Amino acid sequence: MIYFIVPFSACLFTLLFANYTSNVFLPERFLVLFEATVATQDFTLLALTWGPFPIITVILFFYSLPVSNYLFNRNKCNYLSEERARHRIVHSPLIISLFGFIGWELSTFLSVYRIDTLFPSSPPQSIITVTILFAFWGLFAFAFSYATTNYLNRKLIIPSVFPEGGLGKYAKGKQFSIVTKQIIFWTASTLFPIILLVFGLLQRTNHNIFQLHELVHTDVLFEVIAIMLFFSFVFSVTFAISIQHPLNQIEEATELIKEQKFDTRVTIFSSDELGLLGDAVNEMAEGLAERERIKDTFGRIVDPRVRDYLLSNEHSLGGKVVDATILFSDLRDFTKLSEKRTPEEVLYILNRYFQEMSNAIEVHGGFINKFIGDAILAVFGTPMPMLDHADRAFQTALEMQRNLELLNQQFMKEGLTELKMGIGIHTGSLLAGNIGSTNRMEFTVIGDTVNTASRVEGLCKGLQKNLLITENTANLISPSIRSQLQLEGEYELKGRESKEKIYSYPIL
């Protein structure tokens, strides 16, 4: 109803007002022509005058049809229908007002052309005057229709269709800029009324439009009108530019911030709301930059996947039971090595070692739950679920050994000590979640599966093996690998009453 009533009311009001005031602004000769056209009852003139409006109405009907279908049958609309309706709702004030303006101007020019055809002897100034006046009346109707439709659209339709906002992706293009809007409304509210007054003055002083140029140079009143029009236009456009330019800066800055360019800043030399908005954008960019630094630092302290898991979930104590594979690795005789070296040298060796081991773990999708001295606790299967977590853990262990061999070659060249490592792998149920207190918690994994993996790794030194896995893990890895495993026997692990079958894999 808005899309039909508003442009119809705008045109009807404009037409009634134009007819009511026509004897003040139009030459008497042209009014005589109007009376003559009524007397002739020319059907062509009637069709040309009113014909464009039914055509425009039909076009508006089909234009608004997707909108009405979406508003009243929202559950039956597919994605494309919904997107089409949303797009047309956002652009409806411009499109509807533009169609009304086109209809008005077509009616004006066609009807005037027909009158000129019926009465070829009519004065040229009368034809030009009525064309200019009614063309400006159409612009007034356009501005009125655009402003009203835009207001009602924002008050009644957009809150229902866009309750959470999000008009930005539909509003790009086909929208008037602030400067363009200001020029349109200046034309309708300032230029047009003054032109009406000018034509009224011409009518009362028995001058015609062709004498307007002379009057501007000879009559002070017309000079004042021309000067006022010029300065009002300059002031309006300058004011619009003073608003649009900072807003363009803010828009460009927000687009860069969306691309995570948080060093973006806007400089707005204004003490009004625009200045406050610019400062707010700068503060937002600084806050996002700080947040990104914290997030990046957090991702270096814990695995980035754990970081994202914690940031996207509620920070409450507790967790859930999952099936996963634990890989526990430890350096052999590292305590003796530490006694002979400075803390700086020990840290240097450990950091290089941890870097190589971390690379192997992350490549296969595991995450390092924690570093325990010179030991590493890695988890496969949580917080990111994976079906082949046992295979991934086993392949990780092989790559860790390969990386250690390459690292030892570098250490030997640098005159550093060769490192030896043992790895234990066990698969089972464990609890993954937050542990600690309400004001200090840690995401970790706990349970017998974790303890078992640690105890299995402890057997490596006594069995002189670099990699040991339990029967649970052996049953889940690929058959080609399983056939190469060697049963080391059943062992009663520390802290457990039941025995565990332990398998080894030949690693040079």
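Phe371 is partly exposed, with a relative accessible area of 42%. Here buried means under 20% relative accessible area, exposed means over 50%, and partly exposed lies in between, using a 1.4 Å probe and protein chains only. Before going further, please note that this is a predicted model, in which local features need pLDDT of at least 70, side-chain atom pairs count only at pLDDT 80 or more, and totals for chains, interfaces and linings use all residues. Residues are numbered from 1 along each chain as its sequence is written, and side-chain values use heavy atoms, with hydrogens and water left out.

The structure holds 10 aromatic pairs. Rings of Phe, Tyr and Trp (its six-membered ring) pair if their centres lie within 6.5 Å; planes under 30 degrees apart count as stacked, over 60 as edge-to-face and the rest as tilted. Phe354 and Phe371 form a tilted pair, because their ring centres are 4.4 Å apart and their planes stand at 45 degrees. This pair links distant parts of the chain, with Phe354 in helix α14 (residues 343-363) and Phe371 in strand β2 (residues 367-372), 17 residues apart. Helices (H or I, at least four residues) and strands (E, at least two) are DSSP runs, numbered from the N terminus. Phe354 counts as buried, at 11% relative accessibility.

What is the geometry of the rings of Phe61 and Phe62? Their centres are 5.4 Å apart and their planes are at 80 degrees, so this pair is edge-to-face. Phe61 is partly exposed, with a relative accessible area of 40%. Elsewhere, ring pairs join Phe101, Phe142, Tyr146 and Phe185 into a cluster.

## Annotated spans

The unreviewed UniProt entry carries the annotation "transmembrane region" for residues 47-72, 93-115, 127-147, 183-202 and 222-243. UniProt positions are given in the numbering used here, feature names are shortened, and annotations may be inferred rather than shown by experiment.

In the model, residues 47-72 are 96% helix and 0% strand, and their end C-alpha atoms lie 36 Å apart. Residues 127-147 are 100% helix and 0% strand, with 30 Å between the end C-alpha atoms.

## The second largest pocket

About 700 Å³ of space lies in the second largest pocket. Of its 26 lining residues, the closest to the centre are Ala171, Gln175, Phe176, Lys181 and Glu251. Two or more lining residues come from each of α5 (79-118), α6 (124-161), α7 (168-171), α8 (178-204) and α10, and α10 gives the most, with 7 residues.

On a 1 Å grid over the protein atoms alone, a pocket is an open set of points where a 1.4 Å probe fits, with protein on both sides within 12 Å along at least five of seven lines; lining residues have an atom within 4 Å of a point. Grid points are joined across faces, edges and corners, and the volume is the space filled by probe spheres set on the points.

Met421 sits in strand β4 (residues 421-437) and is buried, with a relative accessible area of 1%. Although Met421 and Leu331 are 90 residues apart in sequence, their C-alpha atoms are 4.4 Å apart in space. Beyond its neighbours within four places in sequence, Met421 is in contact (heavy atoms within 4.5 Å) with residues including Leu331, Tyr353, Met400 and Asn466.

Gln260 lies in the loop between α10 (220-258) and α11 (273-301), and has a positive phi of about 65 degrees although it is not a glycine. Gln464, in the loop between α16 (448-463) and β6 (467-470), has a positive phi of about 55 degrees and is not a glycine either. Gln260 is exposed, with a relative accessible area of 53%; Gln464 is exposed, with 61%.
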